[in-house]
Amino acid sequence: NCIICHFSHSHKEKQEIIKKLYYIQFIIMENMKFIHLLIISTLFLLNNLSCCATQEQEWVNLFPSRVAVPKGSSTSLDPALLRYRTLTGNINDSSAAITFTPATSKTLVSKFFFTMPSSSSNSWSYDDISTMRIRANIKTPDYETNVFQLEIRNVKTKKWEVLESSLDMSPNTWNLWKENMIGINSFHKYVNVNDKLVLRLISTGDAGSAQVDFMKLRIFAVVEPPNNILSIGDLFIYNLPGVETNYYQKVIAIDLFDTQETTITQLKNEGKSVICYFSAGTVEDWRPDAGSFPVEAVGPDMDGWEGEKWLDTTHPGVRNIMVDRIHLAAEKGCQAVDPDNIDGYLHETSFDLAIDDTKDYLTFLANEAHNRGMLIGMKNAAEIAGDGSDFVKNNMDFAVVEECHHYDECDQYSIFIELGRPVFAIEYTTFDPFDNELCVSLLPV
């Protein structure tokens with residue numbers, strides 16, 4: 001069970017209590033005027049996790065480093081925008097899209113150049129490459145007006161190969177053009193000696209235009225992910241405000257955006273396990289990517305949290321941004337992620353989210369985290385934990401739960417313990433008589 005006690009002892013006395021209590025762990029959290037001493041469930045060893053076998057992980061996530069437009073053709077915006085993440089999350093957004101228009105009496109041939117990072121600067125080599133995934137969000141005219149194709153250059157045959165054609169897509173609407181190329185042979189076929197991969201958007205005629213609002217290349221490799229990140233007896237602290245700098249705890253939960261990569265590296269060098277927090281169900285107006293969320297996917301204010309609004313987690317634009325956040329966590333060296341506010345089905349979000357929507361969203365986030373070699377926790381959502389053993393087993397590696405003692409729902413998370421996966425319980429409480437009685441009963445005589 002997960003329980004809470006509030007003590008007024010000195011720090012030394014608290015340490016003595018910690019030593020005397022059996023299989024109960026304490027967290028000290030500074031939160032405004034109060035110091036909460038939290039008791040959490042015993043942390044069980046993570047074993048037999050789906051994420052801990054040899055698997056694909058994302059090695060690098062690339063956008064075009066250069067875009068070449070033929071003389072006479074035109075674009076509505078600077079094609080260099082595709083070199084940045086500016087368009088990420090603006091999927092299906094014509095106002096932010098780049099329009100490619102063929103020159104009169106000519107076909108369009110626009111080339112997109114991707115530059116691979118040097119293998120010598122990464123922990124994985126080119127020989128580990130397992131999959132290349134190309135994604136482009138494109139809107140094209142009807143077939144009678146013009147036909148557009150996305151092609152890739154084969155450096156071995158010196159020929160262009162068709163990836164997608166507008167003939168296979170719905171006209172005058174946004175379509176996600178995608179291609180998965182499996183195996184190391186694919187990498188060597190399409191990346192030249194200068195570590196360049198080239199795509200081109202080509203038309204069969206000069207009429208109409210094509211719009212592109214998103215394009216990226218994802219490279220995956222098969223590696224051995226880290227294991228034994230969490231162990232029995234590890235202490236845990238939830239330090240989102242960042243007020244703590246010296247930790248006696250083993251497992252540290254910190255804010256993804258507010259924590260520098262150097263800090264995460266230092267913590268890991270000290271033998272700590274790092275969980276990175278971000279909100280996956282709301283937009284917080286102080287985050288650097290807050291302006292990227294599609295307007296139609298942003299809902300009403302989150303009650304009690306100024307500057308925070310609910311999100312439509314089924315929207316592809318929202319999910320694209322969350323992929324970037326998970327990728328940022330991997331780049332910073334986080335070993336696990338803690339996506340918050342995923343229980344929109346319990347709140348007035350204006351998007352009519354159901355519990356199945358949350359399961360689908362969590363599955364999506366879990367795949368993205370596991371593909372990058374990180375663990376992922378389920379934040380709250382007791383209904384899913386209590387009635388979703390297969391779901392938890394297949395997707396979730398641990399749980400972070402808030403006030404399960406207060407709401408009498410700690411037993412809902414027992415599936416995690418049965419699977420040998422930890423539950424971190426956090427209580428935000430006052431001097432509740434029941435809490436005090438419980439704490440007194442646990443104190444050493």
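Mentor: Before we start, a helix here is a DSSP run of H or I with at least four residues, a strand is a run of E with at least two, and both are numbered from the N terminus. The model is predicted, so local features need pLDDT of at least 70 and side-chain atom pairs count only at pLDDT 80 or more, while totals for chains, interfaces and linings use all residues. Residues are numbered from 1 along each chain as its sequence is written, and side-chain values use heavy atoms, with hydrogens and water left out.

Trainee: How many helices and strands does the protein chain have?

Mentor: The protein chain has nine helices and 23 strands.

Trainee: And what share of the residues is buried?

Mentor: Of the 445 residues, 55% count as buried. Buried means under 20% relative accessible area, exposed means over 50%, and partly exposed lies in between, using a 1.4 Å probe and protein chains only.

Trainee: Which strands form the parallel open sheet?

Mentor: Seven strands do, in the order E14-E15-E16-E20-E21-E22-E23. Two strands count as paired if DSSP finds at least two bridges between them.

Trainee: Which strands stand at the edges?

Mentor: Strand E14 (236-238) and strand E23 (423-426) do; each has a single partner strand, so one side of each is left without a neighbour in the sheet. Neighbouring strands of this sheet are turned by 20° against each other on average, direction ignored. For such angles, axes are lines fitted to C-alpha atoms, for helices over the stretch in contact, and the angles run from 0 to 180 degrees between N-to-C directions.

Trainee: Over how many bridges do E15 and E16 pair?

Mentor: Strand E15 (residues 251-255) and strand E16 (residues 273-279) pair in the parallel sense over five bridges. Within this pair, Ile254 stands opposite Cys276 in E16.

Trainee: Which strands does helix H4 lie across?

Mentor: Helix H4 (residues 316-332) lies across E16 and strand E20 (336-340), running at about 160° to E16. Helix H5 (residues 355-370) also packs on the sheet, where H5 touches E20 and strand E21 (375-379). The direction of H5 makes about 155° with that of E21.

Trainee: At what angle do H4 and H5 pack?

Mentor: They pack at an angle of about 35°, with their axes 10 Å apart. H4 passes H5 in a right-handed crossing. A crossing is right-handed if the near helix is turned clockwise from the far one by less than a right angle, and left-handed if anticlockwise.

Trainee: Which residues make that contact?

Mentor: Contact means heavy atoms within 4.5 Å. H4 contributes Val318, Arg319, Met322, Val323 and Ile326, and the residues from H5 include Tyr361, Phe364 and Leu365. The contact residues divide into eight nonpolar, no polar and four charged. Here Ala, Val, Leu, Ile, Met, Phe, Trp, Tyr, Cys and Pro count as nonpolar, Asp, Glu, Lys and Arg as charged, and the others, Gly among them, as polar.

Trainee: What about Ile321: buried or exposed?

Mentor: Ile321 is found in helix H4 and is buried, because its relative accessible area is 3%. Its C-alpha atom is separated by 7.7 Å from that of Ser292, 29 residues apart along the chain.

Trainee: Where is Leu240 found?

Mentor: Leu240 is in the loop between E14 and E15. At 23% relative accessibility, Leu240 counts as partly exposed. Not counting residues up to four places away in sequence, Leu240 touches Ala253, Ile254, Asp255 and Tyr277.

Trainee: New topic. How many bridges join E9 to E10?

Mentor: Six bridges join strand E9 (residues 148-154) to strand E10 (residues 159-165), and the two run antiparallel. Leu150 stands opposite Glu164 in E10. The hairpin has four residues between the strands, and Lys158 there takes a positive phi near 60°.
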